There are 2 protein chains.
Amino acid sequence: MKTHLGFIMALLTLTGVAEAKLVKKTVDYRQGVTVLEGYLAYDDAFKGKRPGVLVLHEWNGLGTYVKHRVEQLARLGYVAFGADIYGKGIRPATPEAAAREAAKYRGADRSLLRERGLAGLDELRKQPNVDAGRLAAIGYCFGGTAVLELARSGADLKGVVSFHGGLDTPNPADARNIRAKVLVFHGADDPHVPPPQVAAFQEEMRKGGVDWQMVFYGGAVHSFTNPDSGNDLSKGVAYNEKADRRSWEAMKLFLAEIFRK
Amino acid sequence: MKTHLGFIMALLTLTGVAEAKLVKKTVDYRQGVTVLEGYLAYDDAFKGKRPGVLVLHEWNGLGTYVKHRVEQLARLGYVAFGADIYGKGIRPATPEAAAREAAKYRGADRSLLRERGLAGLDELRKQPNVDAGRLAAIGYCFGGTAVLELARSGADLKGVVSFHGGLDTPNPADARNIRAKVLVFHGADDPHVPPPQVAAFQEEMRKGGVDWQMVFYGGAVHSFTNPDSGNDLSKGVAYNEKADRRSWEAMKLFLAEIFRK
């Protein structure tokens with residue numbers, strides 16, 4: 001029974017049943033001369049250094065939705081950091097403004113997108129409770145595109161996860177730089193990420209010799225993990241509760257795999 | 001602490017840590033006048049009725065590989081039954097013989113394939129420790145094709161899982177009969193299940209309004225879960241340890257989801 005009790009105590013510690021206290025902080029940091037405002041969260045009940053997960057936001061910038069994801073990851077025991085790609089105070093309020101802002105980063109020159117992603121990763125890495133050898137990045141929509149681009153920069157990441165992100169890139173040859181394991185969650189009916197883009201991405205991964213996986217969710221369109229996306233499939237953007245839950249569970253498995261010592 | 005101990009005891013029971021004793025049996029049963037020889041396994045440490053999982057074999061028939069999968073499922077707490085599609089004693093020993101045997105079932109007329117799958121399902125359902133309302137079917141290669149065809153027959157299944165199965169069917173309209181949730185694991189470089197077949201399958205699922213998911217494993221070819229498949233990718237058939245492990249873990253998540261009460 002002694003062994004069982006030890007096992008149980010270890011389990012309670014691991015699952016943080018003890019006394020979960022979520023620490024949440026807004027963090028100012030810089031990329032070059034630009035001030036960025038990120039969002040950090042971790043659970044104080046976990047002790048010692050632990051893996052860090054960077055979270056990259058949708059095209060409307062670092063807002064409520066992504067902050068909630070950061071907190072969910074913190075509850076899982078990770079140090080989670082919602083990076084800011086756009087800059088402090090830049091939080092587009094309309095789809096038009098968001099499209100304009102996103103376009104600055106995901107055009108033919110992706111260097112600024114990479115720099116901003118790397119700046120967020122550096123900020124995460126230097127947190128005192130982060131195990132710098134165990135880092136991953138996840139991203140939603142625009143942020144999904146961004147984590148893939150971060151991987152293509154050769155960033156020191158164990159893995160990246162894109163949730164309904166755009167898969168196109170002006171730099172397919174850079175797939176050879178990828179050190180991260182790649183996992184892509186894709187709405188099978190997403191009109192914003194059409195079959196030719198999917199095929200090109202798979203070919204890119206193949207040629208780059210990347211460790212990649214891609215999950216197609218039937219009946220899901222763009223932005224399927226965001227409850228604010230409504231339920232009108234004909235718009236090509238809608239929430240899908242099943243695909244949301246399934247992709248989150250699959251992500252948890254993936255993180256457990258890549259962070260295993 | 002009392003709650004925690006209760007939780008722990010429940011956990012130990014659930015995980016079958018107590019005293020796992022695997023019961024394994026060869027079972028003769030019939031479809032029409034044909035005698036079939038299946039393989040049943042369950043863990044005696046689990047009490048009461050529990051979900052049942054049917055396992056359909058590769059083109060060489062019910063052999064060591066699939067029996068091992070049946071035992072793995074039994075250890076997870078399910079009643080697992082390796083059905084026999086071909087008939088007692090029919091276990092092709094060469095690829096040529098296997099191809100000939102498989103061709104009898106997966107041609108334009110799939111009715112015998114469905115009948116044999118349904119006979120296996122009936123045998124599983126009538127086991128005294130099976131919860132008849134919670135059944136699933138998984139299959140490998142030829143068996144992957146077979147579980148999809150079983151789903152198309154309208155069989156009362158919570159879910160089906162195909163591991164590197166062929167996705168073609170002469171009966172795409174029958175997707176409307178599907179009551180099972182569908183999960184397909186696919187080697188992204190599988191030459192035996194080429195992109196046009198994948199596209200047709202996805203379109204079939206879409207039109208049928210099926211709850212479907214499909215996972216692509218980069219670098220994996222046909223038969224990626226079978227350690228006997230060797231490691232020569234150029235043959236289009238090879239073992240892939242990562243894809244094997246990942247697909248098994250993903251299947252566990254799926255079964256937990258579909259069997260949740």
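1. Let us start with A:E58, which sits in the loop of chain A between β3 (50–56) and α2 (64–75); helices (H or I, at least four residues) and strands (E, at least two) are DSSP runs, numbered from the N terminus. A:E58 is buried but has no salt bridge, and A:R69, the nearest side chain of opposite charge, is 7.9 Å away. Here buried means under 20% relative accessible area, exposed over 50%, and partly exposed in between (1.4 Å probe, protein chains only). A salt bridge is a side-chain nitrogen of Lys or Arg within 4 Å of a carboxyl oxygen of Asp or Glu; Lys and Arg count as positive and Asp and Glu as negative, while His and the chain ends are not counted.

2. Please keep in mind that this is a predicted model, in which local features need pLDDT of at least 70 and side-chain atom pairs count only at pLDDT 80 or more, while totals for chains, interfaces and linings use all residues. Residues are numbered from 1 along each chain as its sequence is written, chains are lettered from A in the order in which they are written, and side-chain values use heavy atoms, with hydrogens and water left out.

3. What does A:E58 touch? Setting aside residues up to four places away in sequence, its contacts include A:Y65, A:Y86, A:F142 and A:S223, where contact means heavy atoms within 4.5 Å.

4. A:S223 deserves a look of its own. Its phi is near 65°, a positive value in a residue other than glycine. A:S223 lies in the chain A loop between β8 (212–217) and α7 (241–259) and is buried, at a relative accessible area of 6%.

5. A:F142 leads us to helix α5 of chain A, where A:F142, A:L148 and A:R152 are among the buried residues. Eleven of the eleven residues of this helix (residues 142–152) are buried, so the helix is largely enclosed by the rest of the structure. After α5(A) comes A:G154, with a positive phi near 90°.

6. In chain B, B:C141 is in the loop between β5 (130–140) and α5 (142–152). Its phi is positive, near 55°, though the residue is not glycine, and B:C141 counts as buried at 10% relative accessibility.

7. Finally, the largest nonpolar core has 92 residues, and A:V182 and B:V182 have the most contacts inside it. Such a core is a set of buried Ala, Val, Leu, Ile, Met, Phe, Trp, Tyr and Cys residues joined through side-chain atoms within 4.5 Å. Another core, of 60 residues, lies apart from it, with A:L62 and B:L255 among its members.
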